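Please look through the model below before reading my points, which concern how two parts of one chain meet.

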Amino acid sequence: MIAVAARTAAEIAQRGRPCSLRVRTLIEGSIKYLLWSLTFLSVATTAVIIAVLASETYGFFTTTDHPEISLWTFFCGTEWSPLLGAEPMFGVLPLVAGTLLVTTIAGVVALPIGLMTAIYLSEYATARRRTLLKAVLEILAGVPTVVYGFFALTFITPYLLQPFSSAFGTYNAMSAGIAVGIMILPIVCSLSEDALRAVPQSLRDGAYALGSTKFDVSAKVVVPAALSGIVAAFLLALTRAIGETMIVALAAGGLAQLTANPTAQVQTMTAYMVQIFLGDAPAAGIEYKSSYAVAFTLFLITFFLTWIGAIVLRRYREEYE
Amino acid sequence: MMGGKTIATTRRLMSNRLFLYGCLTATSIAMLVLGVLMISIALEGWSSVSWRFLDSFASRKAAQAGIKAPLVGSLWVCAICALVALPMGIGTAIYLEEFAKRSRLKHLIQLNISNLSGVPSIVYGILALAAFVRFFGVSTGDAPWSIGDPESLFFVQFPFGPSVLAGGLTLALVVLPIMIIASQEAFRAVPQSLRQGALALGSTPWQVIWRVSFPAALPTIMTGAILAMSRAIGEAAPLLVIGGFLLVFQTPTNLMSDFTVLPLQIFNWAGRPQADFHKLAAAAIIVQLVVLLFFNSIAIIIRQKLQRPLQS
């Protein structure tokens, strides 16, 4: 009763007269349902993505123009040449291998550097340096990926890689991988740093009291305590690397081949989609539909990785409070 | 032992020192990369930045090409994206943080949103191509159904086609998960005591949100919004999928106009073999980075001026 009286008083103060209970409930309720429907929209987005990709992919696999396409030849075929030759081949493995190669190079570049920078930021840096470094990382994070693609094509390849070995062509997996690594560096760094800083100070103090050096504290106490967050950061960054499009479209080349050679040009799943949607293929043809099958594969891979990341974060979190 | 150090201690101190050097090297690499990136682009593109470059349309001749269409197109697309993604993101965050009770459903929605933020942007392009550009193929073959005069500002047609509206909606899809997550964090950071105080004074739940939580969360939300917008303005892949045009010779006049954006123009120029066009690409990148820097500095100013601690 007192609560109702107070609420009425507040309404009188606000608009000069009390609001009827029915009107109030109606307004509050409709706002709530409006917001609920917005929330529902985000779920609907996922559903529509899956529906569109699945239906187009189904169309690709049940096509009558090209009888050899089956789940087996798609997922286990080692040749991808939809636009070349008389007999187009649709085996997705070369595209997956291209993506994996670029992602691996990016991971080798970004994960150690990112983690070390995060440790520096969280354990060593003074407040001033931290602010400065965070600003640098924020700028790096905001640079559009097409800029990194341009950087890979016009700087990394001619000035860093080609003087080192003449095997590198204009387009190669290495330059794209390095550029993707630079792109994911801020993600690795800021997410790992969040995880490191969430480790309570008492753990560090305890380790120092036992005579640990700063290295011991960082590497044997703080990093293991924050491991779930660090792994989740790595997974998220790798997901971004797998889905990265503009860098590989510019710098990795356009030849799908099953190779682990970083000097060779490769085509990733995303780069193939760019090639198709830029209009190299007729809009109703089998090549066009194949890009949906590739997109669906890509979507499943990234969805799966993000999901694993969420599980790692939730299940293996060390709770200290 | 007295005065000296055991071998084990020496080794530990050495690894301690090496580790610090390792961390410093890693950190300086990050700084160095940014420096090299900026300097190499500035050297390549600076000579091409001019008023004429900003004020002319695309051309097949490098000396006459400019970025008027992509620059204005980027602003249109970004504005549409903001008008759609900000209210939707904030609304969803309000529902999840202020209304939804802890339940399995809420957990699933949350998981779904974080999954959506990991979906590659090019996949959103495919979704937008089906949903906005073609309306799921509802009217294939026929001329699009339209309202209003094609010259007027309020001209709309269905399906939207590869128009500036479709582009803005596409980017809104891409940044919506980012926007939701950022706003949620902002609402979560508002101390519970503020809400309780308002409730004790007799506010209804919506009054608490609108007059207490939302204003308190606003600076953080705005920072998140600006970061989301700077992501949107740099995004090229989804717009490439929905058919953003590479050569556009006019600025948008209404929501159904053809458009291109800066990152697409950069992609187009960077992908050509001629060095002249690489110079143009670098110049366009400089313009793009200046726009982004402007966005980021607004975010920093907001963070420093408006963000006051809510808990003493």
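**Domains and a helix pair in chain B**

1. In this predicted model, the centres of domain 1 of chain B and domain 2 of chain B, taken over C-alpha atoms, are separated by 37 Å. Domain 1 covers 1-48 and domain 2 covers 51-306 of chain B, with bounds that come from an automatic or database domain assignment.

2. Local features need pLDDT of at least 70 and side-chain atom pairs count only at pLDDT 80 or more, whereas totals for chains, interfaces and linings use all residues. Residues are numbered from 1 along each chain as its sequence is written, chains are lettered from A and ligands numbered from 1 in the order in which they are written, and side-chain values use heavy atoms, with hydrogens and water left out.

3. Eight residues of domain 1 of chain B are in contact with nine residues of domain 2 of chain B, contact meaning heavy atoms within 4.5 Å. Between them the two domains of chain B bury about 670 Å², 77% of it on carbon and sulfur atoms; buried area is the accessible area (1.4 Å probe) that two parts lose on being put together, summed over both. Ile41(B), Glu44(B) and Ser48(B) supply 67% of the area that domain 1 of chain B buries against domain 2 of chain B.

4. Helix 1 (residues 7-45) and helix 11 (residues 275-306) of chain B pack at an angle of about 120°, with their axes 8 Å apart. Helices here are DSSP runs (H or I, at least four residues), numbered from the N terminus, and axes are lines fitted to C-alpha atoms over the stretch in contact, with angles running from 0 to 180 degrees between N-to-C directions.

Notes. Helices (H or I, at least four residues) and strands (E, at least two) are DSSP runs, numbered from the N terminus.
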